[in-house]
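Thanks for coming. I will talk through one structure today, starting with its pocket and then moving to a ligand.

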Amino acid sequence: MIFVTGGAGFIGANFVLNWLAQSDEAVLNYDKLTYAGNLNNLLSLRDDPRHLFVQGDICDTATLQSLFAQHRPRAIVHFAAESHVDRSIHGPAAFVTTNVNGTFSLLEAARAYWNTLEGEARTGFRFLHVSTDEVYGTLGPDDAPFSETTPYAPNSPYSASKAASDHLVRAYHHTYGLPVLTTNCSNNYGPYHFPEKLIPLIITNARAGKDLPVYGDGQQVRDWLFVTDHCAAIRRVLEAGRCGETYNVGGWNEQTNLSVVHAICDLLDELSPKASGSYRDQIRHITDRPGHDRRYAINARKIERELGWKPAETFATGLRQTVQWYLANDSWVSQVHSGDYMKWVDLQYSNKDAS
Ligand code: NAD
Ligand code: DAU
């Protein structure tokens, strides 16, 4: 079996669902169920004996060690993290606790477990760390996209905490020989995306008749990748990646935020038109994010060349599927909106009109 951390979050849940759609190998899904963890993402696995869910914290080394000893996973795929840049600006402590200390605890538990393995179980074991392109910092308009050798220059508490976790993972390979793999991926989008992030926030606000908040001039650039393409990349790296290596994963799909918001409005105008006017009328420019990175772009040639992975979806096909998913899943959205979500919206968006 494989041991997945953070498998009730956006990418983790998509990964677990995809994994079990393609393989009979069981998954132990270990997740703290923070505000971002949602068992409704995994409802279709409710009666599936191949999926074992355990609620727990990656900072809890003792529990991790006992679960590893009991279930003897052949691999750990590590998604669990605090993942939202804006929340890291309001409250960085949780990011250091989970992303740095939690990854450290997980590495310690993994190392202790791996040291008990012998023969093929030991040589075949893998620790795959899911990280982000944000560790590389920000690009100018004419800079080459991030490659695996781009120096780290994280700019937010979130990206600094992810960079620290990447360094710990690297050190556990270099010092102890732990067979690690790291992926650094660009912005994901797709089903089950928590609506604090740009794409699901715009879709759900548009449908609720609310403002569509664009930070600053909206000319910041992100490289968007459909989530199932990211899941396929992780499966491929787990299967054939070289231990100790890092792999950049991206969509070859640079878009300004404003063009993403326009594309969503245009899809909604087509698929769920308003009585009058366009969803574009709801766009509002608001105060910019402090320290906002201007541009991310990924050079994903290494994973393509070495492992034969490239994205299957285009932005047009992926965004259409995403908007259709949100239109078809009102109950998922209402459930998410009913939690602490509105408190976050108040904290982040009150009194932020652009001057
Ligand atoms: P998410 O916030 O949607 O989900 C995170 C999950 O981790 C949640 O289920 C949460 O309950 C769980 N979790 C948080 N703290 C935990 C702890 N201490 N112990 C156990 N579980 C805990 O995040 P996501 O967007 O799915 O991102 C998953 C991973 O992928 C993260 O490591 C993130 O840095 C990375 N990543 C995300 C993106 C993106 O665009 N979303 C892109 C590249 C990399
Ligand atoms: O690049 C990978 C990263 O992508 C991941 O590591 C992070 O976990 C993930 O959250 C994401 O970070 P971003 O900060 O790029 O994503 P977010 O969806 O928060 O914002 C995307 C862009 O849209 C960014 O430039 C900020 C802008 N934005 C965001 C929100 C929430 C707005 O203009 N308005 C908004 O309301």
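By class, four nonpolar, nine polar and five charged residues line the largest pocket. Here Ala, Val, Leu, Ile, Met, Phe, Trp, Tyr, Cys and Pro count as nonpolar, Asp, Glu, Lys and Arg as charged, and the others, Gly among them, as polar.

This is a predicted model, where local features need pLDDT of at least 70, side-chain atom pairs count only at pLDDT 80 or more, and totals for chains, interfaces and linings use all residues. Residues are numbered from 1 along each chain as its sequence is written, chains are lettered from A and ligands numbered from 1 in the order in which they are written, and side-chain values use heavy atoms, with hydrogens and water left out.

Back to the pocket. Of its 18 lining residues, Asp166, Arg170, Gly244, Glu245 and Thr246 lie nearest the centre. A pocket, on a 1 Å grid over the protein atoms alone, is an open set of points where a 1.4 Å probe fits, with protein on both sides within 12 Å along at least five of seven lines; lining residues have an atom within 4 Å of a point. Helix 6 (157–176) gives the largest share of the lining, six residues. Helices (H or I, at least four residues) and strands (E, at least two) are DSSP runs, numbered from the N terminus.

Now the ligand. Which residues come nearest to ligand 2? They are Asp133, Tyr158, Arg289, His292 and Tyr349, out of 24 around it, counting residues with a heavy atom within 4 Å. In the side chain of Asn187, an N or O atom is 2.7 Å from an oxygen atom of ligand 2.

Terms used:
A polar contact is a pair of N or O atoms within 3.5 Å; within protein, one must be able to donate a hydrogen and the other to accept it, and residues adjacent in sequence count only if both atoms are side-chain atoms.
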